[in-house]
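This report looks at charged side chains, at how they pair and where they gather. Please keep the sequence and the structure in view while reading.

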Amino acid sequence: MRFLIGILFLISSSFAQVEELKKEAEKLKQIRDEIKATYQKNEALLEQIKKEKQALELLKKEIEESKKKIQDERYKKLAKVFEKMDPEMAGQKLSKMESAEDAAYIIFNMNEKKAAAVLDNTDPIMVSKIVKILTRLKEESDIKN
């Protein structure tokens, strides 16, 4: 009889362990499903972020192109102003400019004869800087064409 009670006790405790294992398996399945759902949600967010990044990069490129066009127009207008100046006065103005880059872009957009006359009246140190920049601009221009 004791033996039978012992067997019944073992069977009942085995059933309890099986039920506990079933509960644990169900919890693990729920956790797995939650992780899978979170992963899918994160994948969708990542895809959205990639699309937004592409849109921002395109917008940035458009802004940079617009900025360059505006700056090019500015240099063309300044070049016309410098062309109308007396070469000596224009050379003095270029010599005093803080940015050799700006001076080079102005010269780049000027008529060659007038630009040469202005450079003849520009400080030699500034002319050296301008020529280096003009050389680079010419190379870039040749590459584009």
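## An exposed arginine and its partner

In this predicted model, Arg-32 has a relative accessibility of 52% and therefore counts as exposed, since the cut-off for that class is over 50%. Arg-32 takes part in a salt bridge with Asp-33, in which the closest N and O atoms are 3.8 Å apart, and Asp-33 is partly exposed, with a relative accessible area of 39%.

## Salt bridges within helix H1

The structure holds five salt bridges. One of them joins the side chains of Glu-24 and Lys-27 at 4.0 Å, N to O, and these two residues both lie in helix H1, three residues apart, which is about one turn of the helix. Glu-24 is partly exposed at 35% relative accessibility, and Lys-27 is also partly exposed, at 47%.

Lys-68 and Asp-72 both lie in helix H1 as well, four residues apart, and form a salt bridge whose closest N and O atoms are 3.5 Å apart. Both are partly exposed, Lys-68 at 40% relative accessibility and Asp-72 at 25%.

## A network and a positive patch

Salt bridges also link Glu-101, Arg-136 and Glu-140 in a network. On the surface, Lys-76, Lys-77, Lys-80, Lys-84 and Lys-114 gather in a patch of positive charge, to which helix H1 (residues 2-84) gives the largest share, four residues. Lys-84 lies in helix H1 and is exposed, with a relative accessible area of 76%.

## Confidence

The chain averages a pLDDT of 90, and 87% of the residues score at least 70. Confidence is lowest in H1, at a mean of 88, whereas helix H2 (residues 87-96) has the highest, at 96.

Terms used. Residues are numbered from 1 along each chain as its sequence is written. This is a predicted model: local features need pLDDT of at least 70, side-chain atom pairs count only at pLDDT 80 or more; totals for chains, interfaces and linings use all residues. Side-chain values use heavy atoms; hydrogens and water are left out. Patches are made of residues with over 30% relative accessible area and no salt bridge: like charges are joined within 9 Å, nonpolar side chains (Val, Leu, Ile, Met, Phe, Trp, Tyr) within 5 Å. Accessible areas come from the Shrake-Rupley method with a 1.4 Å probe; for residues, only the protein chains shown count as cover. Lys and Arg count as positive and Asp and Glu as negative; His and the chain ends are not counted. The place of a charge is taken as NZ of Lys, CZ of Arg, CG of Asp or CD of Glu. Buried means under 20% relative accessible area, exposed over 50%, partly exposed in between (1.4 Å probe, protein chains only). pLDDT is the predictor's confidence in each residue, from 0 to 100.
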